[in-house]
Amino acid sequence: MNANKEDIGVAQDATLDLAFGSGENDFECKIASVNHCCNEGYFLYYEGTEYGGIVDDIYINTDKEEITYHGRTWHGMMNAKVIEPDAGEDYLILDGEANERLAFLIDRMGLSALFRASTDDSGINIGNYKMNRYIGGYDGIRKMLRASGAKLNISFADGFVELSAKPVVDYSGDEQLDTDQINFDIKKRYHPLNHVICLGKGDLAEREVIHVYADAEGNISDSQVFFGIDEVAEPYEYANAESSEELRQGGIDRIKESWEGSEVNFDFDANEISYDIGDIVGAKERMTGIEVNAEITKKIVKIQDNTTTISYKVGE
């Protein structure tokens, strides 16, 4: 499409590479100079998928008689917007049905000319979510949905990038990967934090102190669960906390970080199933029997000669 969202045609003999998720969020399209079809601000897209974006840069190689279009994917365009709190407010609070909240954020980011949210009821509720201050639009939306067990679905159709909330799919139980299929690194953490001592304002005996605990499943508790050698404690300094609630939340976040300490890092190809950013896959190492589940964090797509190849990164 051109900058006015008018279809120009189909790119001939082009190779399109995209990467999106935890980083990059851009694309590169190579095409013979004789087939040049895009200018700055044009859009490349693959109808009915999340593959596409805006042309930001054009590189011409006269030796190879080749042109490269480079730009931000739809994900990158959202992340080029910053979600910030209203004037005089500490945070932007979002509450309600997920697709309605997506529509609100699209309008707030000034992207309504190209982006829209599904009008369907997602069945997913955003419950008084406190958006990070000054966060990229795509990152902020992903974090918001993740807090409700959901993921962001993107599909380009009829001249619009449509966003919708979908439940995260956990493939780890039925389709576990092992060392016969791929090579990977696993780190299994058995003793995460279960007691954080939050230290706020004040000096010595006057200092504000709040204790935050976790039970055996990582659930936050107001009562100590583990004692003796089973207790894993850590002090948490936050002298600038504006309230006891903010101080306590910092301790909770620290516990959650510790409980997410298990890792699985690997790349894999899977064209039979199209996983989404945020879906869960699992891996098992046969010698030790250690199993770890992790979230898909990046998707790498290559389209060439009408063939689509998809690779995934997990656990970064």
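Predicted model: local features only at pLDDT ≥ 70, side-chain atom pairs only at ≥ 80, totals over all residues.
Residues are numbered from 1 along each chain as its sequence is written, and side-chain values use heavy atoms, with hydrogens and water left out.

Let me start with the whole protein. Its secondary structure comes to four helices and 22 strands, where helices (H or I, at least four residues) and strands (E, at least two) are DSSP runs numbered from the N terminus. Of its 316 residues, 41% count as buried, and buried here means under 20% relative accessible area, with a 1.4 Å probe and protein chains only. Taken along the principal axes, the C-alpha atoms fill a box of roughly 75 × 55 × 40 Å.

Strand 3 (43-45) runs antiparallel to strand 4 (residues 52-61), and three bridges join the two. Tyr45 stands opposite Gly52 in strand 4, and among the six residues between these strands, Gly48 takes a positive phi near 80 degrees. Strand 4 is also joined to strand 5 (residues 66-73), again antiparallel, by eight bridges, with Ile54 opposite Arg72.

Four strands form an open sheet in the order 17-16-15-18, with mixed pairing. Strand 17 (220-221) and strand 18 (233-237) stand at the edges with a single partner strand each, so one side of each is left without a neighbour in the sheet. Strand 16 (residues 209-214) pairs with strand 17 in the antiparallel sense over two bridges, and Ala214 stands opposite Ile220.Finally, the second largest pocket holds about 680 Å³ of space. A pocket, on a 1 Å grid over the protein atoms alone, is an open set of points where a 1.4 Å probe fits, with protein on both sides within 12 Å along at least five of seven lines, and lining residues have an atom within 4 Å of a point. Of the 25 lining residues, Val10, Ala11, Ala14, Leu44 and Tyr45 are the closest to its centre.

Definitions and conventions:
Pairing = 2+ DSSP bridges. Points joined across faces, edges and corners; volume = space filled by probe spheres on them. Buried < 20%, exposed > 50% of the residue type's maximum accessible area, 1.4 Å probe, protein only.
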